[in-house]
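Here is a short note for a colleague opening this model for the first time. Please keep the structure in view while reading.

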Amino acid sequence: MRYKVAVLPGDGIGPEVTAQATRVLAAAGRRFGYDFSFQEGLIGGAAYDATGHPLPEDTLSLCRESDAVLLGAVGGPRWDHLPVHLRPEAGALLPLRKALNVYANLRPARVFPALAGASTLKPEIVRGLDILVVRELTGGLYFGDKRREDIPGGQRVVETLVYTTEEIRRVARRAFELARKRRKKLTSVDKANVLESSRLWREVVTFCAGDYPDVMVNHMLVDNCAMQLVRNPKQFDVLLTENLFGDILSDQAAQLTGSLGMLPSASLGDGVGLYEPIHGSAPDIAGRQIANPIAAILSGALMLRYSFGLEEAAAAVEEAVTAVLDEGYRTPDIMEPGKTEVSTGEMGRLIAERV
Ligand code: ATP
Ligand code: MG
């Protein structure tokens with residue numbers, strides 16, 4: 001079976017980490033007999049420098065024709081002075097997500113046994129942690145009307161929060177499907193004591209729950225959820241929430257694991273999926289082969305699982321990461337005394353070998 005993957009390395013450490021992710025995917029292909037073809041496209045500052053646009057039309061058509069997209073990272077101080085629509089983030093990432101119509105952002109936060117000491121929380125609170133935040137990506141305050149007007153004594157701003165039943169339903173169903181394949185527990189997060197949109201959210205999630213009797217559902221207010229995430233995060237399996245709450249909670253959940261360089265993400269719609277590490281382009285360490293490629297490699301594992309349905313290959317990549325960490329190999333960001341420090345490329349090679 002042949003799978004076509006669009007690879008968008010982007011800026012900063014993006015090219016360094018995506019090179020290791022494709023290396024590991026290729027190894028998984030060799031082991032399980034799949035043929036992955038990788039085609040590179042320009043995005044972000046790199047694309048702006050070469051073409052004058054952060055998301056060239058060629059890149060968009062490459063993505064649309066592929067089976068999945070692997071993205072490194074975009075942005076950096078060199079492009080911060082540009083007008084917003086040409087900046088790598090606003091001019092490339094948001095339009096790419098929109099073009100692919102991805103509406104569910106998945107962020108697994110997992111604590112690897114070898115790294116339980118790296119969290120800022122006590123090891124007993126996070127050891128074995130394995131949660132999945134599912135964030136709605138196309139609605140809410142991000143995309144509502146925004147207005148600013150002068151009034152006596154200052155200004156008045158209006159932001160609108162829009163959700164439709166269908167927008168809630170499609171992401172909710174996605175989250176239920178995911179919960180069904182995990183520990184069958186879904187927590188829907190909202191602010192139904194204050195927001196009308198949250199009341200609709202709760203109604204739709206409750207309605208969808210009828211189709212998934214095997215999944216245990218509870219509803220939690222977002223303020224309580226923020227507290228529970230640092231108090232007893234292991235009570236959660238899948239967390240489902242709207243765009244802005246999800247933005248905040250997924251960063252919080254990520255931090256529980258203590259290592260930005262370890263966390264992958266997937267953005268899914270009904271077509272091509274987009275996979276990227278949650279970290280940014282890290283210009284401060286770019287070009288030195290010291291970045292941790294594991295977030296990008298695990299994003300590749302998510303691609304195998306969610307876009308291609310190759311669960312066995314996805315698990316093999318995740319087990320290889322676990323094994324290499326258990327053997328004591330560390331990039332500098334997760335280095336501890338007594339462990340073996342390796343470069344970006346060495347980490348990728350070790351993981352590919354274990355696969
Ligand atoms: P963005 O605005 O794109 O999210 P940011 O400035 O918030 O970017 P990052 O670019 O992710 O955040 O970098 C934050 C810090 O984490 C930096 O000091 C960076 O060096 C470090 N960092 C990020 N990713 C990695 C990685 N893969 N390996 C090692 N260190 C990393
Ligand atoms: Mg950031």
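The points below go from the sheet to the helices and then to one loop.

1. **Ground rules.** This is a predicted model: local features need pLDDT of at least 70, side-chain atom pairs count only at pLDDT 80 or more, and totals for chains, interfaces and linings use all residues. Residues are numbered from 1 along each chain as its sequence is written, while chains are lettered from A and ligands numbered from 1 in the order in which they are written. Helices (H or I, at least four residues) and strands (E, at least two) are DSSP runs, numbered from the N terminus.

2. Two strands pair if DSSP finds at least two bridges between them.

3. **Strand 3 and its partners.** Strand 1 runs parallel to strand 3, and five bridges join them. Leu8 has Leu71 in strand 3 as its bridge partner. Strand 12 also pairs with strand 3 in the parallel sense, over three bridges. There, Ala68 stands opposite Gly273 of strand 12. Is strand 3 enclosed or open? Six of its six residues are buried, so strand 3 is largely enclosed by the rest of the structure. Buried means that 20 or more other C-beta atoms lie within 10 Å of a residue's own; 12 or fewer is exposed, and in between is partly exposed, with C-beta atoms placed from the backbone.

4. **An antiparallel pair.** Strand 4 (residues 104–110) and strand 11 (residues 264–268) run antiparallel, joined by three bridges. Asn105 has Ser267 in strand 11 as its bridge partner.

5. Axes here are lines fitted to C-alpha atoms, for helices over the stretch in contact, and angles run from 0 to 180 degrees between N-to-C directions.

6. **Helix 1 with helix 12.** How do helix 1 (residues 14–32) and helix 12 (residues 344–354) cross? Their axes come within 9 Å and cross at roughly 15°. On the helix 1 side, Glu16, Val17, Gln20, Arg23, Val24 and Ala27 make the contact. Facing them in helix 12 are Thr344, Gly345, Met347, Gly348, Ile351 and Ala352. Residues are in contact if their C-beta atoms, placed from the backbone, lie within 7 Å.

7. **The buried side of helix 12.** Thr344, Met347, Gly348, Leu350, Ile351 and Ala352 are buried in helix 12. The buried residues of helix 12 pack against helix 1, helix 10, helix 11 (311–326) and strand 13 (329–330).

8. **Two backbone angles to check.** Ala282 is in the loop between strand 12 and helix 10 (294–306). Ala282 is not a glycine, although its phi is positive, about 40°. Ala282 counts as buried because it has 23 C-beta neighbours inside 10 Å. Gln289 is found in the loop between strand 12 and helix 10. Gln289 has a positive phi of about 60° and is not a glycine. With 16 C-beta neighbours inside 10 Å, Gln289 counts as partly exposed.

Notes:
Two residues are in contact if their C-beta atoms, placed from the backbone, lie within 7 Å.
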